Amino acid sequence: MKRIISIVWLLLTLTAIYAENNPYRSDVMWVAVPNHADWTYTTGEEAIVEVQVYKYGIPRDGVVNYSIGGDLLDSDHQGMITLKEGRATINMGTSQEPGFRDLRLEIELDNQRYKHHVKVGFSPEKIQPWTQEPADFMSYWRKAMKEAQQYPLKYTKEYVPEMSDGTTDSWLIHLELNKAGQSLYGYLLMPKDAEKGSCPVVLTPPGAGVKTIKEVTSRPYFQENGMIRFVTEIHGLDPRMPESYFEEMRRAFESKDHGYLRSGLNDPDRYYMRHVYLGLVRCIDLLCSLPEWDGRNVITLGGSQGGALALVAAALDHRVNLCVANHPALSDMGAGSAGLTSGYPHFRFEEYNTATLRTMSYYDVVNFARHIRCETYMTWGYNDNTCSPTTSYAVWNTLRCRKTSLITPINEHWTSDATNRAQMEWVKRRLADEDNPNDNN
């Protein structure tokens, strides 16, 4: 049975949580309040938004210029309103198709310009992906995994005392992926004095970018609750390198024209993310080889690119029995070719052709979502301009497994510490639930 828990954060009072979005530590604070408390309408309904502007907490009058358009699409309507005692209302109109409309706001106060935006959804539960699944999608990946498994499990393991403490033992892992020499690094975080056969394992792949491994020590509650966590990067770059080295590599390889998510896009067998997707299974091989693994529970967890990879791993490897994904990237990537909202990395129109669209279809998260069997927890916000709510809903509506959602409309491309902790608590409850079979074989 599918369970959907939708929790919304409402803009009802002027508290610090709103200031953090508008933006954090700015003298000017925007408050935009849709007349539906959950920011969600049915197609054909009009959305009315009250706009409030404050400077130093004091209401300010002025002229707000606004435009309205589809999610991550060009504006199709412009206008202006005059604030009175810091307030005015805007009729955003409606949408006849399931999707999102974005109200973009700008005001000049004291010779400075300030911007804000708010998105509302129209029957988002009916959003369907533009991307179609290739007929040989799973057979393609089964063949690729079979070939990858011919390479033996090889890795080095180095104890990291500076990341170890009274609750956690930490090791730096360098994991070989294939005979071509591709590899990845990760920090293995294990509960102190973990007993044989006692620990669930959690794979945490990274967000997008060429960077060192982040969030290594930021979520100790996994280890404190008896779980082994493997936090990885995907490029085979030693995380101990100086930040200046990573900055040089970003300048060389992460420009708009040369990003790794565009490398090899003309051929699914040569696309950069092929070894990354297959490497997820190899990471799970490593985790399941640990004597401390409980022999039953494998969890994947991540956000953005990491959320995409958490879902991909759950689809490819049925040892995964719980998946947590925040605002997944790499979702409905080809939709931009039809003038629709596309997922990160937001390919430019000139990058779409028969070959690139074919490759995208083999790597698109919406196609993996159809094959996930394990229970899945997803979180996303409406105001996200990196991984849009349109593409998050495209994934969510495609999932056929038991699933839970946390929808936080005001959120842009982030989750709070409280949300992150709550995800661990959800995992902990599901592992303890006797009604949860925790078996996907």
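Is Asp285 buried or exposed? This is a predicted model, and in it Asp285 has a relative accessible area of 14%. Buried means under 20% relative accessible area, so Asp285 counts as buried. The residue sits in helix H5, which spans residues 273–289. Setting aside neighbours within four places in sequence, Asp285 is in contact with Gln149, Leu153 and Arg319.

**The helix pair H2 and H7**

Helix H2 covers residues 137–148, and helix H7 covers residues 354–363. Their axes come within 10 Å. The crossing angle is roughly 75 degrees. Angles of 65 to 115 degrees count as roughly perpendicular, so H2 is roughly perpendicular to H7. On the H2 side, the meeting residues are Phe137, Tyr140 and Trp141. On the H7 side, they are Ser361, Tyr362 and Tyr363. By class, this contact has five nonpolar residues, one polar residue and no charged residues.

**The sheet**

Five strands form an open sheet with mixed pairing. Their order is S2-S9-S8-S5-S6. Strands S2 and S6 are the edge strands, and each pairs on one side only. Strands S8 and S9 run antiparallel and are joined by 11 bridges. Across this pairing, Glu106 stands opposite Lys115 in S9.

| Strand | Residues |
|---|---|
| S2 | residues 40–41 |
| S6 | residues 75–83 |
| S8 | residues 99–109 |
| S9 | residues 112–122 |

How values were computed. Residues are numbered from 1 along each chain as its sequence is written. This is a predicted model: local features need pLDDT of at least 70, side-chain atom pairs count only at pLDDT 80 or more; totals for chains, interfaces and linings use all residues. Side-chain values use heavy atoms; hydrogens and water are left out. Two strands pair if DSSP finds at least two bridges between them. Helices (H or I, at least four residues) and strands (E, at least two) are DSSP runs, numbered from the N terminus. Axes are lines fitted to C-alpha atoms, for helices over the stretch in contact, and angles run from 0 to 180 degrees between N-to-C directions. Angles under 35 degrees count as roughly parallel, over 145 as roughly antiparallel, 65 to 115 as roughly perpendicular and the rest as oblique. Contact means heavy atoms within 4.5 Å. Ala, Val, Leu, Ile, Met, Phe, Trp, Tyr, Cys and Pro count as nonpolar, Asp, Glu, Lys and Arg as charged, and the others, Gly among them, as polar. Buried means under 20% relative accessible area, exposed over 50%, partly exposed in between (1.4 Å probe, protein chains only).
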